[in-house]
Amino acid sequence: MAAYAALLSLKHIIEQIQLHPRPPISLHQNQVDSLTDNLNFLQDFLEVYSCGGGSSSEAADVLESRIADATHAAEDIIENRIVDQILGGERISSDELYQGLEKLIQDMGFIKKDVMEIKEKNIGIIEDHSLHTNSPTLGGLSSSHLTTKQETVVGFDELLIEVMDKLTGQPSNLRIIPIVGMGGIGKTTLARNTYAKPLIMHHFDIRAWVTISQNYNVQEILIEILLCIRKDESREILSSKNEGELGETVHKSLWGRRYLIVLDDIWSVEVWDKVNLFFPDNGQGSRIVITTRLSNVASIGSRGLEMNFLDDDKSWDLLCKNIFEKEEDCPHELEEIGKKIAKNCKGLPLSIVVIGGLLANSKHTTEHWEYISENLNSIVHLEDNERCLKVLLLSYNHLPVHLKPCFLYMGVFPEDRKIHVSWLIKLWVSEGFLKPISGKSLEVVSREYLEDLCDRNLIRVHQRGSNGKIKFCNIHDLLREVCLREAEREKFLYVPRKHSLNIAQGINTQRRIIIHQSESEIGYLLDVLQVNNTLISVPLARSLMCKFMLLPSHPGSNYRLLRVLKVVDKHSYSGYHASDSIEVVLQLVNSRFLAIGADWQNFRFPSSVYLLWNLQTLIVKDMFYAVAPSVIWKMTQLRHIEFGLLDLPDPPLGGDDDFVLGNLQTLLKIRNFKCGEEVVKRIPNVKKLQICYLEEFEGCSSYSLNNLVRLHKLESFSCFFYSQKKPHRNDLLRNLILPNSIKKLALRGTNLYWDDMKTKIGLLPNLQVLKLQYNSFVGPEWETVEGQFCNLRFLQIYTCSDLEWWTTTDSSHFPRLEHLVLCNMDKLNEMPPCIGEIPTLQSIELKNCSDSTIISTRRILEEQEELGNVGLRVRVILFNQEHLESLASPNFQIEESRTQ
């Protein structure tokens with residue numbers, strides 16, 4: 001909720017001022033004590049009591065609004081004074097700061113008094129949160145207790161069989177198969193389960209999945225298809241091609257192949273008319289599946305499948321699976337009321353799954369389930385979509401208060417967007433609405449909150465990384481609608497709806513403004529004009545997210561309080577470029593998160609970046625390389641630094657500037673990194689480090705790489721050598737010593753011998769992910785030994801082309817390996833036979849490897865299937881697959897690569 005987020009944000013600001021080694025302003029200690037006392041009281045109140053589920057919600061809203069308004073007003077006074085102090089100006093003098101805070105402390109005192117009276121009189125506008133939840137305490141949340149349930153198709157077994165029959169049966173000409181039904185009915189789940197079936201994977205030569213949504217872009221649709229079917233293509237290269245070129249490439253790639261394309265969430269016939277000409281009908285039995293809510297869209301194909309609501313029995317079955325895993329696990333005393341709850345979800349799977357997530361994470365008592373049932377009873381007679389939204393809102397209202405701001409924040413992302421979790425976490429931290437937990441970084445807390453929201457079925461895991469952590473997530477568009485409605489009601493976010501940028505009443509009072517661009521070129525140009533006219537003055541804005549925003553030359557009066565500026569995405573190669581106005585960006589002195597584009601070639605960052613006293617995340621894209629100023633070593637709040645390439649100067653010696661960057665966790669991508677004594681001392685808590693050497697490598701001693709072992713918190717390390725002069729092996733063996741904390745390691749160009757693996761890498765006790773890239777190891781033979789790689793889950797060997805013999809005599813050499821990827825290993829004679837005996841192994845991927853390696857892997861798979869191990873999957877990608885097509889099976893997928 002907005003009030004809780006505001007309280008935590010103000011506490012964060014006060015704490016930063018108090019603890020900063022060089023605070024921009026000082027606050028009177030008596031005011032700090034009074035503010036902190038009031039903030040803690042109101043925070044504790046909101047954590048213990050829920051103001052969202054009671055019958056008198058209007059009175060509760062008024063109370064929360066008073067809390068938020070008073071807290072925001074205190075933030076405004078303090079942060080305006082900070083800007084004046086750093087940049088010069090007298091909007092708010094020191095006296096005005098003191099007097100203004102005195103008034104606000106008095107206002108908070110009145111609110112505190114009212115709350116105490118309400119609690120004493122127990123007048124009913126506030127309900128005891130503990131009666132209706134069983135959530136972990138803020139200090140006791142543990143990811144080990146959080147599990148993300150697999151999507152299951154319950155009640156649609158017949159439809160699943162029917163879809164598979166339509167996909168694999170006659171006729172041989174191209175066939176379009178629509179799946180139609182309302183939002184939340186399970187269309188995408190049905191399509192996804194079908195798409196992932198081994199039989200379907202084996203039946204089709206090519207598969208591609210694209211989510212369309214309402215605001216579609218034909219070029220992006222074609223790019224997504226090509227990224228699915230041409231694994232070596234990059235988004236950057238494809239984005240440079242026009243629609244016609246992309247369409248021709250799609251058509252050529254599909255011609256003569258049996259393909260399956262899923263177009264998920266189509267909202268108009270128009271989009272089909274624009275893309276269908278690129279899908280050839282070549283008599284190979286190809287299929288296109290479309291999912292849609294609209295019957296007129298479904299008419300473009302053959303007789304489709306209409307998804308209806310679940311009956312009462314199937315609804316109860318699905319609810320049980322989301323609460324107890326099995327129906328028989330439900331306590332007898334809860335069965336009657338549980339079936340009533342399932343019935344009141346009116347057969348809509350999304351409603352059932354979300355309510356199941358709510359019940360799974362709350363007390364399994366008759367009292368609590370009766371309470372949920374009564375709330376559902378009041379909304380069962382609404383229209384389908386509105387009823388579903390009300391059900392979903394019920395789950396939001398019963399979230400623990402610390403999760404509510406995180407959930408509402410999901411509304412900042414466009415519909416159907418695949419959300420990169422590393423960026424989501426950085427944004428959550430920068431916004432300041434996370435409660436610190438002793439002994440845990442805010443990033444760790446964020447990941448635990450995300451797992452909790454996924455466990456409650458409010459956010460979906462899209463993909464986990466090689467280390468098992470969530471890498472991408474997304475949110476159902478109906479749940480996103482809940483985020484937007486509630487965020488708008490609470491004035492937590494401002495996200496203009498489509499075609500409404502010119503309707504911006506009250507935007508000057510908004511604190512978080514998110515504007516998504518139109519997908520068409522004309523719409524994009526209109527957006528640029530409308531956005532920049534709309535954002536003439538947003539003096540209270542703390543967050544701006546917009547790919548095409550043009551900052552004014554004097555932002556002091558417009559964006560002076562900005563904390564978050566995001567104009568590029570994780571993988572975007574376009575957006576706002578700051579090359580002509582970096583000094584303007586550096587006037588945003590309250591910035592915590594900056595993600596900008598730049599087209600500088602060799603740029604020296606100005607020392608005025610030091611004015612950004614509370615900067616936590618600095619991400620600069622589209623740049624060849626930049627040079628950081630020495631003052632970067634004084635920026636103690638920095639947590640994440642990400643550049644395309646960055647020269648990092650040596651820390652200054654002597655004087656009073658011996659600052660430690662104790663918050664710094666991420667440092668990417670440092671050119672010719674020197675890990676000297678001073679550097680190690682300044683970055684003791686760095687967790688992720690990427691370094692590369694482009695010029696002649698002068699030896700480890702010149703760069704003090706022997707000090708890497710002293711980075712005891714380092715978990716992810718990448719070291720790339722691009723120089724023509726190879727590093728000396730003996731030098732690396734002596735000096736490249738890695739700390740035992742390493743969990744993820746990527747090497748390139750190190751030219752070590754395979755036998756060196758035993759001493760340099762194999763004994764790392766916590767290593768989970770190992771990526772060996774171009775000539776990181778050289779030589780014809782690698783023989784592994786027992787007692788190493790004890791925790792390795794993911795192994796990738798890429799273009800270590802000397803390797804001919806890989807000898808692993810026992811599966812215990814990789815006791816926990818789950819995923820194995822070999823790329824461009826054309827000399828390797830065979831896959832070690834005992835690899836298949838590793839009990840944890842889930843997948844093997846072979847890309848452009850020798851025929852003998854592929855054939856031996858097929859033999860391994862057959863042996864495992866004969867032993868009853870049907871869980872192993874093999875994926876083979878080749879330039880020319882024809883001579884090996886006969887090896888394909890449901891668990892042995894063969895694809896063609898079009899690029900080298």
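**Close-up views of a predicted model**

View 1. Strand E3, which covers residues 175–180, pairs with E7 in the parallel sense, and the pairing runs over two bridges. Within this pairing, Ile179 has Leu305 of E7 as its bridge partner. The model shown here and in the following views is a predicted one. Both strands belong to an open sheet of five strands, in which the order is E4-E5-E6-E3-E7 and the pairing is parallel. The edges of this sheet are formed by E4 and by strand E7 (305–306), each of which pairs on one side only.

**View 2. Strand E5 and its two partners in the sheet.** Strand E5, made up of residues 259–266, is mostly covered, since eight of its eight residues are buried. On one hand, E5 pairs with strand E4 (residues 206–211) in the parallel sense over six bridges, and here Trp209 stands opposite Val262 in E5. On the other hand, E5 pairs with strand E6 (residues 287–292), again in the parallel sense, over five bridges, and in this pairing Arg287 in E6 is the bridge partner of Leu260. As a general point about such elements, the side chains of a regular strand alternate between the two faces of the sheet.

**View 3. The hairpin of strands E9 and E10.** Strand E9 (residues 460–464) and strand E10 (residues 470–474) pair in the antiparallel sense, with four bridges between them. Gln463 stands opposite Phe472 in E10. The two strands form a hairpin in which five residues lie between them, and in the turn Gly468 has a positive phi of about 90°.

View 4. Thr71 is found in helix H3, and it counts as buried because its relative accessibility is 0%, where buried means under 20%. When its neighbours within four places in sequence are left aside, Thr71 is in contact with Ala6, Leu7, Leu10, Leu39 and Met108.

View 5. Rolling a probe the size of a water molecule over the atoms shows where empty space is left. In this model the count comes to seven cavities of 30 Å³ or more, and the largest cavity holds about 140 Å³ of space. Its lining consists of 13 residues, of which Ala6, His72, Glu75, Arg511 and Arg512 are the closest to its centre. Two elements, helix H1 (2–19) and helix H3 (57–87), are those that give two or more residues to this lining, and H1 gives the most, with four residues. Sorted by class, the lining of the largest cavity contains seven charged, four nonpolar and two polar residues.

**View 6. The protein as a whole, as a setting for the close-ups.** The secondary structure of the protein comes to 28 helices and 32 strands, and of its 900 residues, 57% are buried. Where contacts between residues at least 6 apart in sequence are considered, 69% of them join residues that are at least 24 apart.

Note on methods
Residues numbered from 1 in each chain as written. Predicted model: local features only at pLDDT ≥ 70, side-chain atom pairs only at ≥ 80, totals over all residues. Heavy atoms only, no water. 1 Å grid on protein atoms, 1.4 Å probe; cavity = no way out; pocket = protein on both sides within 12 Å on 5 of 7 lines; lining within 4 Å. Points joined across faces, edges and corners; volume = space filled by probe spheres on them. Nonpolar A, V, L, I, M, F, W, Y, C, P; charged D, E, K, R; others polar. Buried < 20%, exposed > 50% of the residue type's maximum accessible area, 1.4 Å probe, protein only. Pairing = 2+ DSSP bridges. Contact = heavy atoms within 4.5 Å.
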